[in-house]
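This briefing is intended for a reader with the sequence and the coordinates at hand. It treats salt bridges, a helix, a hairpin and a surface patch in turn.

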Amino acid sequence: MGNPGGVRPRDDAHSAHAQDTAQQQADLEQRGRLINELRQELEDTNRGLIALHTELENARLAEARLAAIVASNDDAMLSLDADGRVQTWNPGAERLFGHTEQHMAGQPVDTLMPDAARAAFRTAVEQIRADRRAESYECRWRRADGTEVDVAVTVSAMRDASGTLIGYCATARDITHRLVAQAELAAARADREVMAERDRIARDLHDMVIQRVFGAGLALQSTAARLPGPGADRIHGVIGELDATIRELRTTIFDLHQPTQKAASLRAQVLEETSAAHDRLGFAPAVEFTGPVDAAIPDATAAHLLAVLREALSNAVRHAHASAVTVHVQAGSDLLLEVTDDGRGLDPAVTRRSGLTNLRRRAEKLGGTFDITGPPAGGTRLRWRIPLTNTDTAPTP
């Protein structure tokens, strides 16, 4: 039987094979393109992962650096939630305030604050809530042991990505040393001003007061030369007192020109005053102390006591003609200064005693009493007594 189309079977098979081969080639090319695309996507993904890993590593390092800064900072750094409760508490806060992070976590931050500090903190929070920057302020916060420490406080806002306020960051810096330095500087300036004023007073005493007292003495000497008998003796006695006054003024002027020194203990100052009277009396006064003299007496009160003691010893030098003087300082619920001599006692003919009036005024100013009596054995006993409460604000003589 013949081939009606004239196509040979071998040619058909060859054509079909060629078509299969072409299709396979096309499939291979398609697969190649897909593989290349997948490879490119994998490479792009790998580069993205590397970039993301680098970014995460940088963020981790930045977070670690920030954590190291917070951990190593000497300042107290704490984060608070929107209600003011402590969330984080760095080692600086533990060193400054004495509380551990475990103890403070979840606690209201105002437990660290006295009333005045709470008001300042509330003001800072209100400024932040009103979208204003809170200014730093200085106050005192309370430690775990109940003591207070001077701190400079800065409060700032913590907000999320949308800008919503989620809490606060508070930093407290110990400023004790700075305040001490400022106080020392102020004290140095005050010392310079005091020395300038002391120099002015010394000049005035020398140029005016001493000259006037000296002139009065000369005038009295001239008058005494023209008076006979007891009247001249009385005037010479007054002249002697004026000479003693001039010597005391010169001593005061010398002391005013000396730089101020750190205050010695009251016992030491009392002993110094009695020692200074040795040459004028001709003997050393006996001194007795009873009670916590140095601890119980405020500085302002001690200054009054020393002024009274100087006046009492001066009176003993001028008027008593004593051979023994006893000074007794007693501190208890009251402060008692007692000066006793074995001299000739009070002269009833002398009615003007301005020095004793000053001693009484000092006692009354401090809510105390003053009296001077003649003991049965003779001589004079001066008692100056004041209460040792509410005397801290007494004016310095």
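Arginine 173 forms a salt bridge with aspartate 75, and the closest N and O atoms are 2.8 Å apart. A salt bridge here is a side-chain nitrogen of Lys or Arg within 4 Å of a carboxyl oxygen of Asp or Glu. This is a predicted model, in which local features need pLDDT of at least 70 and side-chain atom pairs count only at pLDDT 80 or more, while totals for chains, interfaces and linings use all residues. Residues are numbered from 1 along each chain as its sequence is written, and side-chain values use heavy atoms, with hydrogens and water left out.

**Salt bridges**

- The structure holds 11 salt bridges.
- Helices (H or I, at least four residues) and strands (E, at least two) are DSSP runs, numbered from the N terminus.
- Aspartate 75 is buried at 11% relative accessibility, whereas arginine 173 is partly exposed at 47%.
- Buried means under 20% relative accessible area, exposed over 50%, and partly exposed in between (1.4 Å probe, protein chains only).
- Arginine 383 and glutamate 338 meet in a salt bridge through their side chains (2.8 Å, N to O). The pair links distant parts of the chain, with arginine 383 in strand 10 and glutamate 338 in strand 8 (residues 334-341), 45 residues apart.
- Arginine 383 is partly exposed at 26% relative accessibility, and glutamate 338 is buried at 16%.
- Salt bridges with shared partners join Glu197, Arg200 and Asp204 into one network.
- Within helix 5 (residues 176-226), arginine 200 and glutamate 197 lie 3 residues apart, about one turn of the helix; their side chains form a salt bridge (2.5 Å, N to O).
- An α-helix has 3.6 residues a turn, so residues three or four places apart point the same way.
- Arginine 200 is partly exposed at 34% relative accessibility, as is glutamate 197 at 36%.

**The two sides of helix 7**

- Leu266, Val270, Glu273 and Thr274 are buried in helix 7 (residues 266-276). These residues cover an arc of only 95° around the axis, which puts them on the same side of helix 7.
- The arc is that of the directions from the helix axis to the C-beta atoms.
- Glu272 and Ser275 are exposed on the other side of helix 7.
- The cover over the buried residues of helix 7 includes helix 8 (278-281), strand 6 (286-290), helix 9 (293-296), helix 10 (299-320) and strand 7 (325-331), where contact means heavy atoms within 4.5 Å.

- Strand 9 (residues 369-373) and strand 10 (residues 380-387) run antiparallel and are joined by 5 bridges; two strands pair if DSSP finds at least two bridges between them.
- Aspartate 371 stands opposite arginine 383 of strand 10.
- The hairpin has 6 residues between the strands, and glycine 378 takes a positive phi near 100° there.

**A nonpolar surface patch**

- Leu49, Leu52 and Leu56 make a nonpolar surface patch of about 290 Å².
- Patches consist of residues with over 30% relative accessible area and no salt bridge, with like charges joined within 9 Å and nonpolar side chains (Val, Leu, Ile, Met, Phe, Trp, Tyr) within 5 Å.
- Accessible areas come from the Shrake-Rupley method with a 1.4 Å probe; for residues, only the protein chains shown count as cover.
- Leucine 52 lies in helix 1 (residues 9-72) and counts as partly exposed at 42% relative accessibility.
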